[in-house]
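I opened the model to look up a few things and note them in order.

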Amino acid sequence: MSGTIDTGDATIDALRVFAVSIGMGIALGYLFYILMKLIDDKRGELFVFMVEAYSAYVVAEHFHVSGILTLITAIIATKAWIDIDMRKVEGEDAKKSKTFLQKLRLHGIDPTTSERMEYIYEMAKEFGYIAAVIIFFVLAEMVSLEKFWEYKAEIVAMFLITTLIRALSMAKFAFWGSRLEQIKPVGFEGWFILTFSGMKGALFIILVHMIPDSFAYKELFEVVTTGVVILSIFLYGTTLWSYFTFFKKEEEKKLFTH
């Protein structure tokens, strides 16, 4: 192997992964949406969502595409079809003559109710708290002060670069919002909050761990990524806490001006 990467091949492979992941996510989303119609219990529906998420990730990784993108697409697709059915039921605008797409969705068999969906949302929040604790526990276990010191220059450089990129990307809300109808202006304060609320997290660590062990610079990528996440948690968090504790004294107001 020469160690070089062909830009064209990399682009085509990235597009392949993106397209296949989206397609698999939509297909799995539809499959589990239909499955939801066969269950009439809020706990069973919650279990279906959990199985869908796990299955989407595992199947995608088996076929060497993006498990995270497939998972997100599947859940969004399932939720979108559920919302369509719930709007029709609540609005009582279902047509007597069913279209082909309605027949394909088994129109007339409700997948869930708004009350059961609220239960799923609440339970998802509880699982989210548990997942957050596990993530931070794993993050703490991954910390190696020796490795951090060894790659300190790379960590600081990447932290500053990513912070600058985020500041520039958030500038459109503060300085261009008044010129574009699609973007609501937030002012300098909103730009400051949006910039320092963009902490890097578990997704970056998961992605960097997916790099093959045979890659020569995997350790560098892992240590730098973990270091940047740690820095963002402490420095971004401290910056926002200090601002809201010592500097922001006036009453709260709407962030968006229109």
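I started in helix α10, where K218 and E222 both sit, 4 residues apart, about one turn of the helix. This is a predicted model. I looked up the side chains, and K218 and E222 meet in a salt bridge at 3.9 Å, N to O. Are K218 and E222 buried or exposed? Both are buried.

The T225 side chain reaches the backbone oxygen of F221 at 2.7 Å. T225 has a relative accessible area of 19%. Buried means under 20%, so T225 counts as buried.

How many salt bridges does the structure hold? I noted 4. I then went to K147. The K147 side chain meets that of E150 in a salt bridge, 3.8 Å from N to O. Both residues lie in helix α6, 3 residues apart, about one turn of the helix.

Which residues does the network of salt bridges link? I have K147, E150 and E219.

K147 has a relative accessible area of 28%, so I list K147 as partly exposed. E150 is at 49% relative accessibility, which also counts as partly exposed. The cut-off for exposed is over 50%, so E150 at 49% stays in the partly exposed class. E219 is at 36% and counts as partly exposed as well.

**Nonpolar cores**

Next I looked up the cores. The largest nonpolar core has 14 residues. L28, M36, F49, I82, M117 and I120 have the most contacts inside it. Which elements give two or more residues to this core? They are α1 (7–36), α2 (42–62), α3 (67–91) and α5 (114–142). α1 gives the most, with 5 residues.

**Surface patch**

I turned to the surface. A nonpolar patch there is formed by M50, F127, I130, I134, F137 and V138. Together they have about 570 Å² of accessible area. Which helix gives the most to the patch? It is α5, with 5 residues. I134, one of the patch residues, lies in helix α5.

**Confidence**

The mean for the protein chain is 76. I read 74% of the residues at 70 or more. Where in the chain is confidence lowest, and where highest? It is lowest in helix α4 (residues 100–104), at a mean of 53. It is highest in helix α6 (residues 145–150), at 89. Helix α6 is also where I found K147 and E150. My last note is a caution: where pLDDT is low, the predicted coordinates should not be read in detail.

How values were computed. Residues numbered from 1 in each chain as written. Predicted model: local features only at pLDDT ≥ 70, side-chain atom pairs only at ≥ 80, totals over all residues. Heavy atoms only, no water. Core = buried A, V, L, I, M, F, W, Y, C linked by side-chain atoms within 4.5 Å. Buried < 20%, exposed > 50% of the residue type's maximum accessible area, 1.4 Å probe, protein only. Patch = residues over 30% accessible without salt bridge, like charges linked within 9 Å, V, L, I, M, F, W, Y side chains within 5 Å. Areas by Shrake-Rupley, 256 points an atom, 1.4 Å probe, with all protein chains shown as cover. pLDDT = per-residue confidence, 0-100. Polar contact = N/O pair within 3.5 Å; in protein donor to acceptor, adjacent residues only side chain to side chain.
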